[in-house]
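Welcome to this short tour. Open your viewer, get ready to select residues by number, and follow along one stop at a time.

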Amino acid sequence: METVPHTGSIERKPGQGRPRATTATEDRYLFITARRNRGATASQLYRDLYAAAGTCVSKVTVSKRLHETRLFARTLTSTNRRVRLAWCREHRDWSMDQWPTVLFTDESRSSLNTDSRRTFIWRETGTRYIPSNGREFDHYGGGDLMVWAGIMLDDRTPLHVFESGTVTGVRYRDEILEPYVSLFRGAVGPEFILMDDNARPHRALLVDEFLESEDIRRMDWAARSPDLNPIEHVYDALGRAIATRNLPPTTIQEMKTALLNE
């Protein structure tokens, strides 16, 4: 009986296989557009790309490019909508004496290479680990960086670059809250309010305990509401500045230097 081949994964050499439908600049455009308009559909995004660059791709390609940058479509439930509306109504009449006390913060990830660089081969069942069906390649130059920053009216924190590893509650407390947020709390006074989202490291028990010990108030924040956070515009501008550099960064160290300089 003939064995039916199926697909396996190996590295594609430059010039081999189907060419990528979008460039790195177009990938960045899709990412930025999706970040700016969280409710945009894949159809809207590919129409925007065609209008901006004349590149015609499928909705599937748009979704793949966003998935590569860790953007995934999520449903905004009726509960989310009600909470968001309640938050907006609560804060719509805030005065210019109240908003300057809020430090808006968030993390953002910058990637050197959005291309997963996967390709496929036809192989027989059970031959996955045969040397001829795999290929080693050098990961040098790949990877990404996680950064954090905070902004207030007429002030801002330094851009903090997380070194390798996962951002945990402990790291959030030790690398962000103690050296940056506590400093702003001391400068602003008891009216100071920290805005951070509902990411798991932010809501760790040890984080809550630290904020309480430092008498730092936290703003209630609706789930799935990054578009309400004005710091997203800052990260948008930062991403555009990196993407339009004459010599884009090709290593993690170059990316770190570029982010800090910008």
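In which loop is the place of Thr157? Select Thr157 and you will find it in the loop between strand 5 and strand 6 (160-162). Before going on, note that this is a predicted model, where local features need pLDDT of at least 70, side-chain atom pairs count only at pLDDT 80 or more, and totals for chains, interfaces and linings use all residues. Residues are numbered from 1 along each chain as its sequence is written, and side-chain values use heavy atoms, with hydrogens and water left out. Helices (H or I, at least four residues) and strands (E, at least two) are DSSP runs, numbered from the N terminus.

Stay with Thr157: its relative accessible area is 3%, so it is buried (under 20%; exposed is over 50%, and partly exposed lies in between, with a 1.4 Å probe and protein chains only). Now show what surrounds Thr157. Beyond its neighbours within four places in sequence, Thr157 is in contact (heavy atoms within 4.5 Å) with Leu103, Trp148, Ala149, Gly150 and Phe184. Zoom in on Gly150: its backbone nitrogen is 2.9 Å from a polar atom of the Thr157 side chain.

Next, select Asp154, in the loop between strand 4 (144-152) and strand 5 (155-156). Asp154 is exposed, with a relative accessible area of 83%. Its phi is positive, near 70 degrees, though Asp154 is not a glycine. Most residues other than glycine have a negative phi.

Last stop: Asp215, in the loop between helix 6 (205-213) and strand 8 (217-218). Here too phi is positive, about 55 degrees, in a residue that is not a glycine. Asp215 is partly exposed, at 47% relative accessibility.

Conventions: A polar contact is a pair of N or O atoms within 3.5 Å; within protein, one must be able to donate a hydrogen and the other to accept it, and residues adjacent in sequence count only if both atoms are side-chain atoms.
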